[in-house]
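Hi everyone, thanks for coming.

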Amino acid sequence: MTSHTPEAPIGLAEALAAGTVVLDGGMSNQLESAGHDLSDELWSARLLAERPEAIAEAHLAYFVAGASVAITSSYQATFEGFAKRGISPERAAGLLRLSVELARDAAARAAARGVTRPLWVAASVGPYGAMLADGGEYRGRYGLTVSELERFHRPRMEVLGAARPDVMALETVPDADEAAALLRAVRGLGVPAWLSYTVAGDRTRAGQPLEEAFALAADVDEVIAVGVNCCAPQDVDAAVAIAARATGKPVVVYPNSGETWDARARSWSGRSTFTPEQVEGWRSAGARLIGGCCRVGPETITSIARTLTA
C-alpha cells in the first residue's frame, strides 16, 4: 500500500483532552457479514495473508459510518500463531506491518469519499490468550511469568511500532500480570498506547480488583487512556469511574453487543443489550474514546457518533 492517512491536525492524546473520539466496531463481525469464514485459529489475522482487501473494506465501512479510529486486524496476529501455519518470521513481520498499512489505506479512501474529520490508526496488540485460540483471553492466569509474557509481546510490538500507527491498543487484557508485561514492553517504542481490560463486574477476568489493575498504568507516560473492551455493556459503568479515579487519564470503552461467546462451540448466544444511549452516561463518567467490540457493527457506530455529536 502506498496511501497514507490524511495528516491529522492534532494527535489522538490531544483530541481526547479536547473531547470525545469515536472508535470503530468489531472487525470479525464486519468480515463475517461480508461473507468471510473466520472459523480458524488465526481468526481475522488469516485474511491478512489471504484477503487483505477485505480488511481494508471493513476499516473503510467504519470510517464512513462515523468512526475516527480504526483498530488494526493484528489482534490475533503473532509470530507463534503464524508459525503454526508455516509462515516464516519475515513473512509474519510483513503481515503485521500490512495490518497498519491497510488501516492507513482505508483512511485515505475515506478522505477521498469526503470524510474530513481527523482519522487515526490503532495497532491492536491482543493478549497471549488470543494466540491460544481457546478462550484464554477470558480467563488469564496462563501459568507464565510477567517476564515471559513480556518476551512474547515485545517482538511483535516492535514491528507494529515501526509501522508508525498513531497509537497501540493493548486490548482485551484479562489479567493484571499481563498488563504489567505489556506496560513494560511498550516502553521505548515511541508510540503512545491505551490499555483496556476485559472484565467481569469490578474485576479483571483473572479476578483482580480493577482499582489495582488500572493503577498499574497511572504513571506510565506512554499510556494515554485506560479502560475496558470485549465485555458486557453493563460492566462498563463501574469500570469507567474506577479507571478515571485510579489513573486520572482519559477512559476508553468499547464493549461487546451483550451477547455471550462460547469458546468451545465458537459461536455467540443471547441477545444484544448494547444501546447507543448508554454512551452518554459513559461520557459523563469520564469516557473519551468510545466504540464497540464483538458484534457491534457500523450501524451502531453511526448511532454512537450521532449521540456524541448531538
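Let's begin with the second largest pocket: its lining is made up of nine nonpolar, five polar and three charged residues. Keep in mind that this is a predicted model. The space in that pocket comes to about 280 Å³. There are 17 lining residues, and T20, V21, V22, S68 and T309 sit closest to the pocket's centre.

So which elements each supply at least two residues of that lining? They are α1 (12-18), β1 (21-22) and α13 (298-309). Helix α13 gives the largest share, with four residues.

Okay, on to the inside. In soluble globular proteins, nonpolar side chains tend to be buried together. Here, the largest nonpolar core has 81 residues, and the ones with the most contacts inside it are M157, M168, Y197, F214 and V253. Helix α6 (residues 89-112) contributes 11 residues, the largest share of this core. There's also another core lying apart from it, with 20 residues, including L12, L16, A122 and C294.

Let's zoom in on M168. Skipping residues up to four places away in sequence, M168 touches several others, among them A123, V125, M157 and W194.

Last stop: V115, which you'll find in the loop between α6 and β3 (120-125). Is V115 buried or exposed? Its relative accessible area is 15%, and buried means under 20%, so V115 is buried. Leaving out neighbours within four places in sequence, V115 is in contact with F63 and A110. And T172, 57 residues from V115 in sequence, is 29 Å away from V115 in space, C-alpha to C-alpha.

Terms used:
Residues are numbered from 1 along each chain as its sequence is written. This is a predicted model: local features need pLDDT of at least 70, side-chain atom pairs count only at pLDDT 80 or more; totals for chains, interfaces and linings use all residues. Side-chain values use heavy atoms; hydrogens and water are left out. On a 1 Å grid over the protein atoms alone, a cavity is a set of points where a 1.4 Å probe fits but cannot get out, and a pocket is an open set with protein on both sides within 12 Å along at least five of seven lines; lining residues have an atom within 4 Å of a point. Grid points are joined across faces, edges and corners, and a volume is the space filled by probe spheres set on the points. Ala, Val, Leu, Ile, Met, Phe, Trp, Tyr, Cys and Pro count as nonpolar, Asp, Glu, Lys and Arg as charged, and the others, Gly among them, as polar. A nonpolar core is a set of buried Ala, Val, Leu, Ile, Met, Phe, Trp, Tyr and Cys residues joined through side-chain atoms within 4.5 Å. Buried means under 20% relative accessible area, exposed over 50%, partly exposed in between (1.4 Å probe, protein chains only). Contact means heavy atoms within 4.5 Å.
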